[in-house]
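Please examine the structure shown below and consider how its chains meet. The explanation that follows treats their interface step by step.

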2 protein chains.
Amino acid sequence: MKWILPLLLQLISGPMHLNRSLPIGIFDSGVGGLTVYRALHEHLDNERFIYLGDTARLPYGTKSAETIQRYSLQAAAFLVSRGIKCLVIACNTASATALDALRLQYTSLPIIGVVQPGAEAGCGASASGRIAVIATESTVQGGAYQRAIKQLRADAEVTARACPLFVPLAEEGWTSGPIVEAIARRYLDDLFAARNPPDTLLLGCTHFPVLRNVLLQVVGDAVTIVDSAETTALALKKLLAIQKLEQSAGAVARVSFMATDSRERFARVAAHFLNEAMPSDAVELVEPTFAVKH
Amino acid sequence: MKWILPLLLQLISGPMHLNRSLPIGIFDSGVGGLTVYRALHEHLDNERFIYLGDTARLPYGTKSAETIQRYSLQAAAFLVSRGIKCLVIACNTASATALDALRLQYTSLPIIGVVQPGAEAGCGASASGRIAVIATESTVQGGAYQRAIKQLRADAEVTARACPLFVPLAEEGWTSGPIVEAIARRYLDDLFAARNPPDTLLLGCTHFPVLRNVLLQVVGDAVTIVDSAETTALALKKLLAIQKLEQSAGAVARVSFMATDSRERFARVAAHFLNEAMPSDAVELVEPTFAVKH
């Protein structure tokens, strides 16, 4: 297992040395986490970012907890070997499944997932306490959102539903029109046709914000749609301040994008998520075992 | 790279020893190849089969050629280490991209892909020579079907179109109804509305046969829909006979299923493809590095 190497190196070199000039590491199974990156970029003006999408093994949402944990540990080891001052798991599936394992492995690295901030956004938006969470199969089955919401608000009534087709729809760039609407209706209509329907729809997958307009049409104006991007950015900002890890004012913001497969596809799909073109040579290709390709 | 081990073992133990009592190895990125397995099972009564679905890393169709080749070589090495008398690549993406690499690696093992048999099925069914191929992004971009058809029939007019959403639809079990029809229309309507439309639709992905009824509705009765399952079974039967590798008459047919992730999900989705329930304990879980899990 090649990811052991950086861990050994880290052990040899002693406790992790974090300094404020290092970049913020962001990890996702693919491009969905770019919706989180956007929010981070907006709220953290002077920071450097290093974004890793594990496109060679996506999607994570249909995979087992054990596999998701192994992949997440490998990705984190790679980012740590590159030098980061904190890690954002910009993938709900990985956050829901691997956050504890990651924190155990990197005790001195601040690590933040998107589930807790997402749950906070959901609870903050809901008046009635009836919150619907939509996510991947794996996130829903693991129950992390349901638990996080209940912990914040014991009287909450949480309904969680897996919407697996939303991921390939977002990746394909089919983010509006009758087909997406029909699929959304099939997944959601009965949830919101209940006598006391949820007043909040929490997007528990970082792919889903690009479908927001269609979802709004389907669930109606009475429902507030929230996701974890904004609250994750605010939580990270707070964490960096507490740990005195903010970049000095006036530093130049910068981002590096890395993918484990197909720079062209990453750049093409990323454009849907960032609302701007990305040249494929802006993406660095790294092996899924996370040694740099030559 | 752990897959080197079985290769080394093979080198040490001399040329591969094939005998007719060994099983037929079948490899696919996931469950789609079960449509090919069904046809093999029907045509080869007395054979044993060992089916490996690389569910921890599916789908292959959106990944790069290099990654697909690496994954396919790892899967083949694993099946070879288990003992097989021939190998069927029951995945169009892997066949289109990795068949040459596999044959170079295993010169004494009979290996058959689904692209050549698929191209034969398409050419056999078409009167006009106008053939539409639908497949994954990677298969269409690689152009293997277009080349295989042109070699069989120089006057053929081949149109190839990627239909990436068909894969998750099939996996989700959404194989009929207005949503699937609308998606199929979006992908295919303009192809078949041409002045001289294709008379044959070749399903260049082993997931697609489960959508056959919807596709028939969309393209109309004048179009013949073919896939590679049947012709692959016939080609394999011929190959086994030539190599004198058929099982003796009266031998008991048997199959082992293996997946690199989530036995439960494999069994659940497999049921859509086999039209019969599969208990999850019928599936053996193996590591993506293809050492057996304990």
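**The interface of chain A and chain B**

In this predicted model, chain A and chain B together bury about 2700 Å², and 51% of that area lies on carbon and sulfur atoms. On the side of chain A, the residues that lose the most area to chain B are A:Leu165, A:Trp174 and A:Arg186, which together account for 20% of what that side buries. Counted by contacts, 31 residues of chain A meet 32 residues of chain B.

One salt bridge joins A:Glu137 to B:Arg268, with 2.9 Å between the closest N and O atoms.

Which elements give two or more residues to the side of chain A that touches chain B? They are helix 3 (65–82), helix 8 (166–172), helix 9 (178–192) and helix 12 (263–274) of chain A. Helix 9 of chain A gives the most, with 5 residues. Sorted by class, this side of chain A comprises 14 nonpolar, 5 polar and 12 charged residues.

A final point concerns confidence. The average pLDDT of chain A is 92, and 93% of its residues score at least 70. For the model, the ipTM is 0.85 and the pTM is 0.88. Where pLDDT is low, predicted coordinates should not be read in detail.

Key. Residues are numbered from 1 along each chain as its sequence is written. Chains are lettered from A and ligands numbered from 1 in the order in which they are written. This is a predicted model: local features need pLDDT of at least 70, side-chain atom pairs count only at pLDDT 80 or more; totals for chains, interfaces and linings use all residues. Side-chain values use heavy atoms; hydrogens and water are left out. pLDDT is the predictor's confidence in each residue, from 0 to 100. Contact means heavy atoms within 4.5 Å. Buried area is the accessible area (1.4 Å probe) that two parts lose on being put together, summed over both. A salt bridge is a side-chain nitrogen of Lys or Arg within 4 Å of a carboxyl oxygen of Asp or Glu. Helices (H or I, at least four residues) and strands (E, at least two) are DSSP runs, numbered from the N terminus. Ala, Val, Leu, Ile, Met, Phe, Trp, Tyr, Cys and Pro count as nonpolar, Asp, Glu, Lys and Arg as charged, and the others, Gly among them, as polar.
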